[in-house]
Amino acid sequence: MTAGGDEQAVGHRPAWAFVALFAAVVVTSSAALLARSADAPPMALAFWRTLGAAVFLSGPAIIIRARRRRADPIAAATGPNTRWLLLGAGAALGLHFATWLASLELTSVAASTTLVTITPLLLAGYLTLIGQPPSRTGWIALALAMAGAVVITVGDVRTDVRALAGDGLAVAGAGFMAVQLRLGQHLRQSMSTLDYTSRAYAVAAVVTGATALVAGIELWGFDRATWAAIVAMVAGPQLLGHTVLNLLLRWLDAVTISLALLLEPLWGTLLVLAVLGEVPPITAVLGAPLILGGLALHLRLDGSSQATPAAEVPARSERPG
């Protein structure tokens, strides 16, 4: 989706990146089921989810940073601008998880997972405001995909105050995700996936943990089933889902990734149906082809002018992770 001259044109987008994108979306979609299965406050889930991933990734990240610092102290140094961007990206990620997980307790899975994926619309609006609007084809693809999301949501509209509050939290979650992707695409110009995600997850854990403590929200004392769901959330949606999405910012732009995330409502509601028996509306199935069509149009017709959010990262900084 063209966004003016903001980024460099993609020279090569490997086929495996798209396979990894859809696989990561499927894995990420299990978060709604795991959250519904866990008997813990949303803020606690957001804290443990990000803390667990940060702990898992920090060890290798610290070792790699130490090696780079010895090899080239100047290049390995983190400037103040980068630190502020990391704080912003991590805080936005933590707030994204907190608001979205809270929305799952107030509204349905179909409505929550659909509204939290309006990120591409928010990104397109931001690019338009700064004078870098998507191309005409990009707007058509976006409209088609968003129409699918609307179709899914319309079948599950509720007007009670509780559901509306949940819908609002899901929209807020989409906004925080847009901020995280936008900042992340800039940071990935000079940081590896492992370096970026380990730090961003750590900041997210600090933000959600501090918020929980100030608000008096319990962070422990859960039953075994809840801890099992938290561990699964760290291993699946966080490490194999969001971390892979951040890895793909090296080859795919934020709009492409956020459009693919529009498939999350379909996978999420199907998983909840299979495991918890919560039947989704028929519109969840009807809206899916529109989302797929919009994504396919974006990739097929707008690919030649696709913007990449990350310049080529030196080979030494693009380690597995």
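Hi everyone, let's start with burial: of the 321 residues in the protein chain, 54% are buried, where buried means under 20% relative accessible area with a 1.4 Å probe, protein chains only. Please keep in mind that this is a predicted model, in which local features need pLDDT of at least 70, side-chain atom pairs count only at pLDDT 80 or more, and totals for chains, interfaces and linings use all residues. Residues are numbered from 1 along each chain as its sequence is written, and side-chain values use heavy atoms, with hydrogens and water left out.

Now the overall fold. The protein chain has 14 helices and zero strands; helices are DSSP runs of H or I with at least four residues, strands are E runs of at least two, and numbering starts at the N terminus. Among contacts between residues at least 6 apart in sequence, 90% join residues at least 24 apart, a contact being heavy atoms within 4.5 Å.

Let's look at one helix pair. Helix α3, residues 42-71, packs against helix α5, residues 80-104, at an angle of about 140°, with the axes 8 Å apart. The axes are lines fitted to C-alpha atoms over the stretch in contact, and angles run from 0 to 180 degrees between N-to-C directions. That angle makes α3 oblique to α5; oblique is what remains after under 35 degrees (roughly parallel), over 145 (roughly antiparallel) and 65 to 115 (roughly perpendicular).

Who makes the contact? On α3, the residues include Pro-42, Met-43 and Arg-49, and on α5 they include Phe-97, Trp-100 and Leu-101.

Note on methods. Buried < 20%, exposed > 50% of the residue type's maximum accessible area, 1.4 Å probe, protein only.
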